Amino acid sequence: MANPAAAQSTRKDLKAGNKLFEQDNYRAAIPYYEKVLAKDPNNAKALFNAGISYMSFDKEKASDYIYKAQKIKPKVDKSVEYWLGRVDHLNYNFDEAVAHFQAYNATLKKSDQRKEELAQLIAHSKNAKVQFNSPKDIFVKNLGPTINTQYSEHSPVISSDDKTLIFTSRGEAVTGATGNISDKKNKSIAADGEYFEDIFEATRVDDENWQKPRSLSGVLNGKGHDASTQLFDNDSKLLMYRNDNNGDIFVSDKSGGDWGVPKPLDANINSKAYEGDAYITPDGLTLIFATGKYSEDGTLDLFQSTRVAGGDFGPAKSLGANINTKYDDDSPYMSKDGKTLYFSSRGHNTMGGYDIFKSEYDEAARKWGPSQNMGYPINTPDDDSYYRLSPDGSYAYLSSYRIGGYGEKDIYTINYIKNANIIGKVFSKRDSTTVIPGVELVFSGAQADKTALSFRDITKPDGAYQVAVLSGRTYQVAVSKDGKNIETQEFAVPVSTNDSTTITKNFYVDYIDTTSTGLAFKNIYFDTDKYKLRPESITELNNTSQVLMANTGINISIEGHCDSRNTDEYNMVLGQNRAEAAYNYLKKQGIAETRMTTVSYGERRPAAPNDSPENMQLNRRDEFKVVLKEGETMPVVAPAAPMTEPTAAPLTPGKSKMKMADGTKVKTKVDEDSDKVKVKTKGPTGDTKTKTKNGEVDAKAKDASGEKTKIKAKNE
């Protein structure tokens, strides 16, 4: 049986909440609705009204409450589809928002004026979807709880040395605030149940932190709304807003460290209508400001007024149709060179509420060009405004209602994401100390708009690499060598908002370098853009062939290289031709094809920087690397030597036999005039037959495995 006293208390709380709700005093209404829901969790009306109230403070809770209200009671309110559309839009559910707006629109009569608003809201959701799906590489950062509170903070103004922040807050530290915001004795409460706006100042501690803000009360902060707008004239003057006369623009002069009494601008600027935000040029002679004076329905437009030094501002002129719309256009700011205008608008192709736009001045046409939405994540489905550049223009401040903030509107910084320099080495995982040269690393990622990114480098002889990548994303790093993939690793690069960030990342991979330098062959070199063997290269290849003949268990990789004079594609072909030139010569010298492989690295593995003719010559080369199968060790290498010539017996005419220490039998036959010599050997390592006549050598060899080799040579 229901408790009559509890039911009466619930009705009383609901009535109190509804009264505040109807006055748009949503913050004060929420506690009463929460009391109702604590006793009656399925009270659809309390859920519905509380959900609407939470939209400015907690968008996700607002959505949960309104959806729950509709589930409990589908017709909880005639406008439930409208509000479902609103919360879906704020929570980035744009298709669902459009469906709800269309459903609500279908319930209205053709003459209903709300149809125009719904058409605009549907357009906002469609615009938002486009912007959200094409994000910019921008890092948005909340200034933190020292500056931002559960109330509204906005209108950031930064000093010329970037060390002092002046801003506007409706927090508990405003002038005249006494205790709880719902306290009837509190003298600093506006009609919407929030504190009046006051101006505050904070000093920077470092790049990330600020000192506790202090109120610039006294002469700057009056009894109503006071808001910061802009510092100018070497920070000696403050342009500001007061809600005097329905809202006017004032200026205060600083003298001896204190701000003077704010003075209103002249009648060509201020009027009986609302004048809000403004921007004054560095010379103090041109003012761009927002006013409702010239529109029939009081919506804001941007106007410009000029003056001579020491004089009053003249009649205002509209910034034109490329800037102003039938909706509110506010919050102007200009780049230092005066060529780019930033402003906020509820028109154009906004994602919802105020968005930040920019326009470039057309010198030839003498007017501002088309307005461009600055895109997501600078803009969101809710209000984004008061875009202010830092003194050096490298980043910006703005005010915004965003999911994840501290309450209502917060102040954020906007930074363009920069490159980070990644350095490191590639090591073998077997021992974590052996570096692997010649490894290709390809970092693959994507920009915010899904455009593919790829960055590449090849490790140097010491295993080191260096690559500059766009920060703030995760990359797939493909590690390969000689065209074969070793593995792919994932690497998350944190956000960098400057160009000096260096990150060290070493890679440890499962790889055994089967190219050994335990046996060193000398490089051979080439003329520019040629692959013809030089005479000295032939001499060196003869030495190489003799070593290979003496060590039949050794195989080699012939690597062709180039300088950087031509394109990468051309040099890859040239490098291959150089490798094949050496290959073909060694093949003619009797080295089996199965013992040699070729590979081209083009210009990708320079031995020296391509910054001088001497260094370029070092890069036009063939290298010879011993190749082992996995698990093999370097065999004992026999020194290269001339063809077997027994030294135990003199080369006298006739025949002779002898036996070497290792058991090899040697037979020798020398002709009468000693111009023809035949030598036969037979031993554990194989057999040879050598015939020498008039300086010409004709030799045949068969090793222990049965592999045969022939050599013919002339004495030079």
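How many helices and how many strands does the chain have? The chain has ten helices and 41 strands. Please keep in mind that what you see is a predicted model.

Now a few overall numbers. The chain has 716 residues, and 48% of them count as buried. Its accessible surface comes to about 36,600 Å², with 50% of that belonging to carbon and sulfur atoms. If we take contacts between residues at least 6 apart in sequence, 52% join residues at least 24 apart.

As a general background, nonpolar side chains tend to be buried together in soluble globular proteins.

Take Phe-101 as an example. Leaving out residues up to four places away in sequence, Phe-101 touches Tyr-82, Gly-85, Arg-86, Leu-118, Leu-121, Ile-122 and Ser-125.

The buried residues in H2 are Arg-27, Ala-28, Ala-29, Ile-30, Tyr-33, Val-36 and Leu-37. A reminder that helps when you look at such a list: an α-helix has 3.6 residues a turn, so residues three or four places apart point the same way.

Next, a sheet. Four strands form an open sheet in the order S11-S12-S13-S14, with antiparallel pairing. Which strands are at the edges? Strand S11 (275-280) and strand S14 (317-318) are, as each pairs on one side only. Further in, strand S12 (residues 286-291) and strand S13 (residues 301-306) pair in the antiparallel sense over six bridges. You can find Ala-290 opposite Leu-302 in S13.

You will find Ser-159 in the loop between strand S2 (153-158) and strand S3 (164-169). Is Ser-159 buried or exposed? Ser-159 has 5% relative accessibility, so it counts as buried. Its side chain makes a polar contact of 2.6 Å with the side chain of Asp-161. Not counting residues up to four places away in sequence, Ser-159 also touches Thr-164, Leu-231, Asp-235 and Pro-391.

Gln-211 is in a loop as well, between strand S4 (198-203) and strand S5 (214-215). At 45% relative accessibility, Gln-211 counts as partly exposed. Glu-201 is ten residues away from Gln-211 along the chain, and their C-alpha atoms are separated by 9.3 Å.

Our last stop is Ser-537, in helix H8 (residues 535-550). With 2% relative accessibility, Ser-537 counts as buried. Setting aside neighbours within four places in sequence, Ser-537 is in contact with Ile-524 and Tyr-525. Asn-523 is 14 residues from Ser-537 in sequence, and the two are 8.4 Å apart in space, C-alpha to C-alpha.

Notes
Residues numbered from 1 in each chain as written. Predicted model: local features only at pLDDT ≥ 70, side-chain atom pairs only at ≥ 80, totals over all residues. Heavy atoms only, no water. Pairing = 2+ DSSP bridges. Helix = DSSP H or I, 4+ residues; strand = E, 2+ residues; numbered from the N terminus. Buried < 20%, exposed > 50% of the residue type's maximum accessible area, 1.4 Å probe, protein only. Contact = heavy atoms within 4.5 Å. Areas by Shrake-Rupley, 256 points an atom, 1.4 Å probe, with all protein chains shown as cover. Polar contact = N/O pair within 3.5 Å; in protein donor to acceptor, adjacent residues only side chain to side chain.
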